[in-house]
Amino acid sequence: MQPLAHDIRPEKVSEVIGQKHLLGKNKVLSNLISNKKLFSMILYGPPGTGKTTLAYAIINELGLPHGFLNAVINSKKDFDEMIYKAKENDNFVLIMDEIHRLNKDKQDLLLPYLENGIVTLIGMTTANPYHSINPAIRSRCQLFEFKPLTISDIKEGLNKSLVKLDKIKITDEALDYIAALAGGDLRYAYNLLEVAYYATKDGKVDLEVIKAINNKPSLYIDKNDDGYYDVISAFQKSIRGSDVNASLHYLARLIAAEDLDIIFRRLSVIAYEDIGLANPSIGPHLQACIAACERVGLPEARIPLGEIVIEMALSPKSNSAIMAIDSALNDIYKGNVGKVPNHIKTTSKDYKYPHSYKGSYVKQQYLPDELIDRKYYVPKESSKYEIAIKQIYDKLNKK
């Protein structure tokens, strides 16, 4: 028996829920489909956001020959068979799940056929392709990020699915609760709705039925579309603003939701974006906290989390590091790069080795000629540590 999520999978791209930044009017993927032109692509984002659904909608709408592989489960022999099919069928599309797990043997087999256009690849992954996918594969594909679905997106999908559940009667309150619990994952919402339907004798689903199946608290979720992300935003801004009590409040809401992963990720960002050089020891402290949390799990993980959040909220703050790297990246994106000076190139014999000089310093040019006067780092007197760095920086600038 097919699960509900599979049974109601859209057959057209226009029926795919969410991802309006890609699928809205005059957006990139919508225009590609309307122009009946497909390029190799990698769709990445959280589970249940429509990556596989879109892949199948594309090949269905364009009527293209296709095959499906999982980078982990399917063997090299399975890949060989797909390549054979691709040679026998023009415009063959290979849909591949978990593409970030593709090993070298399978990559070597696939790459030449991507290069010559015999295979058009649609890869799906929940991992960040910039870190997890082989550059050779990545350079041959367009990357499209899928965002978590909003609560209104989830409710739209749930309402469309009701026609597939014969005689279901569900309260608005129950639908709201499922959408809130889903956390942007439409597949999860479908599965929960289907279980709730078959868990009743008469198809009447109310809030109590849902809570009997999944009583995970939704205290951190508001009824509006962006509630989940508002809490995460408030969590970071409270720590940045040094309000320790507000920081602990939003931490508690995320703990109650048992969302340790987002807590770890957000605190890691805060440690380097908002505290940075004002307290460089916060990074190792946080990693020790995360390791302790992963070892003990909830509910005990609340203890090291509470401790690190208090420390981070009351720590001095500096954003000089993020401002510096963003300023440097801004030059790169604008094409302000220039040539590496000859004396610091790999094969240069004119390079002056600083350790051979007094104070491990020798005056020589490192920036390209075009950027010789560029200064990205602007120190802040945020703490004794950054004041000490600033003094070294000022001294070197005078030299």
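Reply: Tyr130 is partly exposed because its relative accessibility is 48%, where buried means under 20% relative accessible area, exposed over 50% and partly exposed in between, computed with a 1.4 Å probe on protein chains only. The model is a predicted one, in which local features need pLDDT of at least 70 and side-chain atom pairs count only at pLDDT 80 or more, while totals for chains, interfaces and linings use all residues. Residues are numbered from 1 along each chain as its sequence is written, and side-chain values use heavy atoms, with hydrogens and water left out.

Four aromatic pairs are found in a search of the whole structure; rings of Phe, Tyr and Trp (its six-membered ring) pair if their centres lie within 6.5 Å, and planes under 30 degrees apart count as stacked, over 60 as edge-to-face and the rest as tilted. One of them joins Tyr44 and Tyr130: the ring centres are 6.3 Å apart and the planes stand at 90°, so the arrangement is edge-to-face. This pair links distant parts of the chain, with Tyr44 in strand E1 (residues 41-44) and Tyr130 in helix H7 (residues 129-132), 86 residues apart. Helices (H or I, at least four residues) and strands (E, at least two) are DSSP runs, numbered from the N terminus. Tyr44 has a relative accessibility of 12% and therefore counts as buried.

Tyr197 and Tyr198 form another edge-to-face pair, because their planes meet at 75°, with the ring centres 4.8 Å apart. Tyr197 is buried, at a relative accessible area of 12%, whereas Tyr198 is exposed, at 53%.

The charged end of Lys211 sits over the ring of Tyr177, 5.7 Å from its centre; the criterion is NZ of Lys or CZ of Arg within 6 Å of the ring centre and within 35 degrees of the ring normal. Lys37 lies over the face of Phe39, 5.5 Å from the ring centre.

A further tyrosine, Tyr190, belongs to the largest nonpolar core, which has 29 residues. Such a core is a set of buried Ala, Val, Leu, Ile, Met, Phe, Trp, Tyr and Cys residues joined through side-chain atoms within 4.5 Å. Tyr190 is among the members that touch the most others, as are Ile154 and Leu158. Helices that each supply at least two residues of this core include H9 (151-161), H11 (186-198) and H12 (207-213). A second, separate core of 25 residues includes Ile263 and Cys293.
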